[in-house]
Amino acid sequence: KPLYKIADLSEIILRAYITNSQLSSLKLGQNVTVVIDKGDAKTSNYQGKVEWISTKAEFTPKTIQTKEERSNEVYEVKIRVKNDGFLKIGMYGEVLFKAP
């Protein structure tokens with residue numbers, strides 16, 4: 001078995017999920033702001049870039065969907081963020097974006 005894993009942490013990939021209504025406001029290569037909690041109600045902002053957007057929705061509730069049920073569908077998005085040493089694998093973050 002391997003004793004350890006080696007990874008380049010100079011950049012981190014944040015996996016985020018957006019709703020169907022947010023999908024039209026996001027495009028590949030778009031710059032976004034990633035907000036990370038630092039504890040004691042403090043946050044840090046990082047600049048990121050949208051690297052990948054899923055072409056398929058996840059968590060589809062039923063074959064026949066109403067407008068309310070469609071909001072349960074989400075699309076995975078991968079965002080590349082430069083790491084200043086404070087970001088760790090598995091941390092949670094929030095993505096803020098504006099319409100392109």
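Student: Is Glu51 buried, exposed or partly exposed, and what is its relative accessible area?

Tutor: Before the answer, a word on the source: this is a predicted model, in which local features need pLDDT of at least 70 and side-chain atom pairs count only at pLDDT 80 or more, while totals for chains, interfaces and linings use all residues. Residues are numbered from 1 along each chain as its sequence is written, and side-chain values use heavy atoms, with hydrogens and water left out.

Glu51 is partly exposed, with a relative accessible area of 38%; here buried means under 20% relative accessible area, exposed means over 50%, and partly exposed is in between, with a 1.4 Å probe and protein chains only. The side chain of Glu51 meets that of Arg80 in a salt bridge, at 2.5 Å from N to O, where a salt bridge is a side-chain nitrogen of Lys or Arg within 4 Å of a carboxyl oxygen of Asp or Glu. Because Arg80 lies in strand β4 and Glu51 in strand β3, this pair ties together parts that are 29 residues apart in sequence; strands are DSSP runs of E with at least two residues, numbered from the N terminus. Salt bridges that share partners join Glu51 and Arg80 with Glu11 and Lys82 into one network.

By this rule the count comes to 4 salt bridges, and one of them is formed by the side chains of Lys82 and Glu11, at 4.0 Å from N to O. Lys82 belongs to strand β4 and Glu11 to strand β1, so the pair ties together parts that are 71 residues apart in sequence. Lys82 counts as exposed because its relative accessibility is 61%, whereas Glu11, at 30%, counts as partly exposed.

Another salt bridge is formed by Glu76 and Arg15, whose closest N and O atoms are 3.6 Å apart. Glu76 is in strand β4 and Arg15 in strand β1, so here the parts tied together are 61 residues apart in sequence. Within this pair, Glu76 counts as buried at 11% relative accessibility, while Arg15 counts as exposed at 55%.

If you follow the chain on from β4 (74–82), you reach Asn83, in the loop between that strand and β5 (94–96). At 15% relative accessibility, Asn83 counts as buried. A polar atom of its side chain lies 3.4 Å from the backbone nitrogen of Phe86, and the backbone oxygen of Leu87 lies 3.0 Å from a polar atom of the Asn83 side chain. Leaving aside neighbours within four places in sequence, Asn83 is in contact with Leu9, Ser10, Glu11 and Ile12, contact meaning heavy atoms within 4.5 Å.

Finally, consider the nonpolar core, a set of buried Ala, Val, Leu, Ile, Met, Phe, Trp, Tyr and Cys residues joined through side-chain atoms within 4.5 Å. The largest one has 16 residues, and those with the most contacts inside it are Leu26, Val34, Val50, Val77 and Ile79. The elements that give two or more residues to this core are β1, β2 (31–39), β3 (42–53) and β4. Val34, with neighbours within four places in sequence left aside, is in contact with several residues, including Leu14, Tyr46, Ile79 and Val81.

Note on methods
Helices (H or I, at least four residues) and strands (E, at least two) are DSSP runs, numbered from the N terminus. A polar contact is a pair of N or O atoms within 3.5 Å; within protein, one must be able to donate a hydrogen and the other to accept it, and residues adjacent in sequence count only if both atoms are side-chain atoms.
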